[in-house]
Amino acid sequence: MIDEELVQLLTPEGERVSHPDYTSSLSGEEVLSMYRDMVIVRRLCNESTSLQRQGQLALWAPLQGQEGAQIGAGRALAPMDFTFPTYREHGIAWCRGVPPESLLRLFRAVSNGGWDPQKYRHHVPTIVLGNQVLNAVGYAMGVQRDGAEEAVLTFFGDGASSQGDVLEAFVWASSFNAPVVFFCQNNQFGISTPSSTQSKVPLFRRARGFGFPGVRVDGNDLLACYEVTKAALENARAGGGPTLIEAYTYRMGAHTTSDDPTRYRVEAEVEVWKHRDPIERIKALLVREYHSKPAAFEAIGAEAEAFALKLRDDVLAMGRPDPLSMFDNVYAEPHPLIDEGRRDMVELGIGGGVH
Amino acid sequence: MVTTTMTMAKALNEGLRRAMEKDPKVLLMGEDIGKLGGVFRITDGLQKDFGQDRVIDTPLAESAIVGTAVGLAIRGYRAVCEMQFDGFVFPAFDQIVSQVAKLHKRSDGVYTMGLVIRLPFQGGIGAIEHHSESPEAYFAHTPGLRVVSCSTPHDAYWMIQQSIEHDDPIIFCEPKSRYWEKGEVDLEGSPYGLFDAVVRREGTDVTVVGYGSSVKTMLRAAETAAGEGTSLEVIDLRGIAPIDMDTLVTSLEKTGRLVVVQEAPRSTSVGSEIVAELTERCFYSLRAPGIRVAGYHVPYPPSRIEEDYRPTVERVLDAVDRVMGYAS
């Protein structure tokens, strides 16, 4: 399909292919359950885009096209693993159990985070490109010092692959043999900048220069993403050190709701990738191999619709935060400028209620 | 009281050692801090005693030193990061202002960023460029961070321990020109809180405030001024962010005159903040405008001429003359 080094276990038509290093271990039930995850996450994304268009979200970063990469990687995690996302890892957040409405708090601009990152073992979204990749390596160094059998999975895109922090993270992970897996979703664009501007060699090959393995996986192949990630995480937990996974995929939508992709890419390319849709190929597999009936897909579709309605209600119920809350948790210990700011605001008659 | 005489460098070393003995989660990270003991030998011998997993010789990448310290903090460790020199902190600036300063807030208080970034700062050692800067205002300006500076071995010993125990991130500024000066350290305790400003010499005519290397300069100026009949009250700021304004207000209400001393360039600086805040708080006590004795608005000069850039006793005394010259 794209190149011979690509790990693929399922063709765009939903036919299994064999690979010397990876074999799909998932049962039909598991595949169906992951299909459900993908459908719900896509529905979440569509609803969020609508909410943004209706003025209910400040911004949305869509993931359409990347569901296979994210649900594949997300479902490969063990409960005690820790994940460090960007702002587009909605599928990972879903797999980690982050309440969907919490995921939207950042985008509704009522929070700078949104959930308890220790509870869900899923770090808060990082918007400054690449910062979280170094944070993930540090966390992995902590895991190592604790002697824990846990792995860290961190995310970034082809755009962020040019950031110094990402490359420094490669050096550190390699030098300290940190139990971290770098999951790069190469969705072909950093806003408008094509991935060919970020790298003259396939991104996964960079790993070799840093001294650890790199794997390019078909990012629209859920089965392959699952197996490649699972193997890399197991290797990390067993002390084998880092792996770079390049999930070769395509961002079907815009970078964010502020973007207009028609200005920088041609429709014909988008059409090509439509035929590689991660959800459709799993559906084809389910029909062909597991004889899933239309009723099963209809039930999941109906569940996704109900989910979207509830999400909408939950988002609309999120009111403006109390302005005084801006002073909370700036510092862990008392600080005079925080006390002063809070006092000034109260004296101005602001805060303490709903506005 | 058990006091021991030691240099500031040794006091920092002993303070770090004690912090590591008390809390197994304390780690040191930095360039050349292990076998070499750091370019200033502040961490001398610590890797030998605590091992390579706790005293980590890192690859040479400042953003990564701080960025991984953030991850370690999330995991429950307390990393003490050494920036080799003030002028090398800027690759880490992004991690410091984007993550270190904000993650307690962004996690709704779940994460504590209890890490310390040690920064040998200020000049006076005859170094080449990028080795003598005073970047404290960048950090003091950033909500979420705290900034302190020690000026004596006693404070170095205690403030580094207090900083490590503190649950907020601390930029710990060490006046490198004072590393090798000796002083008494009380190993049993310190009467001062981490951010307390301390009156080093009482006086009645002019309040002179500074931190780090400037404290010694101010004390010398006070000695000379006393001989000329002017009484200076010398205050060691210690806490650069937040500033212990109450101690400064008490002093200024007594003297009515203010001089602030710093090596950093004057404009939009810690000194600017002190003068502005005290003007607001002590307006009716003031007998003269507050004056800043500071570095000039130039890149730190080649060190052959650095003593013409750094505040000297003469420049402090000149400022004292100016504030004393206002009719009251």
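How many disulfides are there over all chains? In this predicted model, the count comes to 0 disulfides.

Let's start with B:Cys81. Its closest cysteine sulfur belongs to B:Cys173 and sits 14 Å away, too far for a bond. B:Cys150 is in no disulfide either, with the sulfur of B:Cys173 again the nearest cysteine sulfur, here at 8.9 Å. A pair needs its sulfur atoms within 2.5 Å to be counted.

| Cysteine | Nearest cysteine sulfur | Distance |
|---|---|---|
| B:Cys81 | B:Cys173 | 14 Å |
| B:Cys150 | B:Cys173 | 8.9 Å |

Now let's turn to chain A, which holds 14 helices and 7 strands. Its radius of gyration is 21 Å, close to the 20 Å that the globule rule gives for 355 residues, so chain A is as compact as a globular protein of that length. The C-alpha trace of chain A spans about 70 × 50 × 40 Å along its principal axes.

Inside chain A, 56% of the 355 residues are buried. Of the contacts between residues at least 6 apart in sequence, 75% join residues at least 24 apart.

Definitions and conventions:
Residues are numbered from 1 along each chain as its sequence is written. Chains are lettered from A and ligands numbered from 1 in the order in which they are written. This is a predicted model: local features need pLDDT of at least 70, side-chain atom pairs count only at pLDDT 80 or more; totals for chains, interfaces and linings use all residues. Side-chain values use heavy atoms; hydrogens and water are left out. Helices (H or I, at least four residues) and strands (E, at least two) are DSSP runs, numbered from the N terminus. The radius of gyration is taken over C-alpha atoms; the globule rule is 2.2 Å times the number of residues to the power 0.38. Buried means under 20% relative accessible area, exposed over 50%, partly exposed in between (1.4 Å probe, protein chains only). Contact means heavy atoms within 4.5 Å.
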